[in-house]
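Subject: Structure handover and notes

Dear colleague,

Here is the structure you will be working with. My notes follow below it.

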Amino acid sequence: MTGQTTVRHTAPADVRRDRPTAVPERTGAPVAEGEARLVTGEPGCGRSRYLDRAARAFTAGPVVHVRADPDSATVPHAGLRALLRLSAEPRAPRPAVPPPGGLDGLDGLDGPSADAALRSALRVACGDGPLLVCVDDAHLWDPASRAALGRLGRDPRAAGAVSLLLTAPGHRPVDPEFAGIPPLRLDPLTAAESAALLDEESGGSVDRGVRDDLVAEAEGNPALLLALLRSLTPAQLRGRAPLPRPLADAEILTGLVGGCLSALTAEEDQVLLTAAAAVREAEDGSAAVAPVRRALARLTGGAPAARLDPPPELLVLGDGRLRFRSALVRRALYARAGERERRAAHRALAAQEAGLPGLLHRAWAVPADATTAADGAAAALATGLAAAAADPAVPASPRLRCAALARAADLTGDGRDRARHRLAAAQQALLAGQPHRALRLLDAVRTGAPGAELRGRAELLRGAALLRDGPVDEARATLLLAKSLLAALAPAAALAATLGAADAAWAAGDVPGCLEALAEGHGEQGRDGPSGTPAGPGADAPAGPGAGSAGPAASLPSGDDVLREHRRGMLALLERRFEAAVRSLRRVVDGAAPGDRVETLLRAAAAALLMGDLVGARGAATAALVAARTQGEAAALGPALEYLAYTELRAGRHGLARTHAEEGLRAAHRAGQRNTAAHHHAAQALAASIDGDADAVARHVRHAQEISLRHGLAQAATLAEWALARVDLGEGRPAEAADRLGPLVRPGPGRGHFAVWMLAVPCFVEAAARAGRGGSAGPVVEEFAEWARFGADPQAPAQLLRCRALLAPPDRADGLYESALALHETAGGDFERARTEFLYGQWLRRRRRLREARDRLGAALVGFERCGARAWAAQARAELRANGTSAGGARAGDLSALTPQQLRIVHHVAGGATNREIAQALTVSTRTVDYHLRKVFAALGVRSRVELARLVEQTEKTPAHP
């Protein structure tokens, strides 16, 4: 047993470099003071590296860092003795204090005595401050030490201000001694993190295509990724020599999983190999137990292995299904078996499985070198497999269909049929969220010299993959090529390519490129021709068509009418024929219904956002999300959540938008969609800019801009820049906000994305006016007025009046603010209304209309607090203090400032009446009641009806002064 202590930022001398520094750190503290966590994960996931980083990051006090020695696993109390020795080492200014009874006094101790010795030593080590204890590979400690450590983990505070981090492998059951410690499982690396790891290790010398192959093969496991890197020659790494197939062979895989496979019996090996074959292409990594049990009986002639009693440390059985604890262990088991044994397992499973899974097992049982030229049975099997995989009535996930079609291609001798199967497999790979697999299949199609139509369809799919994860200019060029190849041969597919190319140009902020793509003929400008640069068409929808992350063109079209209407609507919008645009886009939205195909619903969501129909956008995007989950189309999850995030941002529901964007970011990473991820980062930055979380804004902006710069995502980059400006504005730095927003919204080469800059105009006008630069904002207000007249943004009319009020002379500003607030009543949205209330309150205070200013500022404070805009709420409180009013609320009984109508409403509220009941009692509208209640809340400084009722009760109990 070895161990050592680290204090503050001093790293352990024997740090294991499982995850180099290129991999992003986890945010937040790994463990709170007085708590414990059991860090688990796959072999090679970086548990030791995580512990090292946690030790270096701990700044509150000393760190005791122990690593297990397997040779001492049978020595009683060996682990505990090492931990006590380290905790007793001197740390200035505290003297060293050995544990009671000395280090050798542990022999023969029972559990309570060992616990007392450990806690006493750690209390001394803590002294007056916190202590972090890190135990790596705690499962290798001797049983007595594990028991003491587990009891400490269930109650770390018993030893003082102690925090505890343990590591144990996640591919085996948790030791009973650690069962009560909350787990912290390390997730696989994302594709971006894996690529960064490779770049750091290789100095960026790995060919891009080779790097993508390595990232896909490693499946997020850093140790496997580095092992693959070390296994290749310099020529292979630079793409000058072919890569070995498979990349991860049995030697590499078994070397990473260690000795967990070495003690298996032949019977256990057979059980595990059959189970591994059963879950090879399973979407969720599990398989039904019954077919595996029957297959084992067939393989063993009813031998005991057929009972399916596998080692519980490797395989989990429950609810009639089996699942490997570790995907890496499963891959190692499958790879180390001989081809003959693997084929036998698949043959046995094929006899037990029906439908497409059974056909696929039959196909995997065919020898690898079989071809239709030499084996007529293989040809017939390939034909049947491809037909079943292409049949929508056959229940199967896109991942399973892809595997079946790819295997059918392998068994097909005819070049054209092989290309068709690979093309269909690539389409299913895209739907399954496996873009790298799709691109490799498309590469194989291209090398097979297909005809013009097959090549065009291959370029369509390649462009769709690039649109979600690649330079959008390259995606646009690829999709335009597909359009030209398919125009005469497959008009429906050509239309899908048209919209995909427009999506790519939209993401890049290329208006001429959008018009070129949408034209009826290649290079044409449409029926009426362009009428000039658009004044922000689609500015309502940061998640407009494609949104920089690929629209529904990722698969071949099913609803030609939907695609045609969407094309007409986008073209009319870009040409500023707004009425025609609305007619076409409305048909797209009204023509979609729950149960439609995912791409149809996504187009409907995009069209609804273009029109400002937030209800329609929310409904279509939600239906698309449900359909994607039901149909296993992982590639559609990120875009659907992107539309939902931007819809909720538009609706002012920033917390919900942040939730959608967080989930969407995870989905985008799983599907290898960096462009979609960039938009989710931008959405999170926008939401966090309302919350006042400047650190989160900076983090998400950094990620969004990094991807945007590499892939040409002008839309995501503009959204990220706008989020930074909103932070400046929310924290009372209007001059900085104006400097940041000015280039984005004013005409010129630096103007931001055409679908975003109009949204940012109200922020710029506010920043410029508050910074004393209102004169520079006049021209963009007139452009914003044209956008507000379009009617796609329900907030725009009120925002326009607010902008005019900020720039108007005093004799006009008052009425403009009042009119803006009246429009906010119909538009909804707490945040925008609160911003108008706040600016109006500022204006009133500076004109010494203090009572009116108090009402407006108080209402703004309530609105900001209601929607979680903490930075803006702080500004409102500051204005209230400058106004001579406390933001903390009125004294109990001080209701004298309320109007008679407000007093009547207050007493109804105190009696428990709802707004509807109050409206009926007073013969007014519920909107009037809500309006007066907001003013009451602001005037009295209360935040809820409960507080208001309590205030009324206190007032009635307080005796009147004579």
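Are tyrosine 840 and tryptophan 843 buried or exposed? Both tyrosine 840 and tryptophan 843 are buried, where buried means under 20% relative accessible area, exposed over 50%, and partly exposed in between (1.4 Å probe, protein chains only).

Before the rest, two remarks on the basis. This is a predicted model, in which local features need pLDDT of at least 70 and side-chain atom pairs count only at pLDDT 80 or more, while totals for chains, interfaces and linings use all residues. Residues are numbered from 1 along each chain as its sequence is written, and side-chain values use heavy atoms, with hydrogens and water left out.

Aromatic rings

The search of the whole structure gives eight aromatic pairs. Rings of Phe, Tyr and Trp (its six-membered ring) pair if their centres lie within 6.5 Å; planes under 30 degrees apart count as stacked, over 60 as edge-to-face and the rest as tilted. One of the pairs is tyrosine 817 with tryptophan 843, which is tilted because the planes are at 55°, with the ring centres 6.3 Å apart. This pair links distant parts of the chain, 26 residues apart: tyrosine 817 belongs to helix α36 (residues 810-827) and tryptophan 843 to helix α37 (residues 830-846). Helices (H or I, at least four residues) and strands (E, at least two) are DSSP runs, numbered from the N terminus.

Tyrosine 817 has a relative accessible area of 1%, so it is buried; tryptophan 843, at 11%, also counts as buried. Tryptophan 843 also pairs with tyrosine 840, with centres 6.2 Å apart and planes at 40°, so this pair is tilted. Tyrosine 840 and tryptophan 843 are three residues apart in helix α37, about one turn of the helix.

Strand β4

All six of the six residues of strand β4 (residues 131-136) are buried, so the strand is largely enclosed by the rest of the structure. Leu131, Val133 and Val135 cover one side, and Leu132, Cys134 and Asp136 the other; all are buried.

Strand β4 pairs in the parallel sense with strand β3 (residues 62-67) over five bridges; two strands pair if DSSP finds at least two bridges between them. Valine 66 stands opposite valine 135 of β4. With strand β5 (residues 162-167), β4 also pairs in the parallel sense over five bridges, and there valine 133 has leucine 164 as its bridge partner.

Regards
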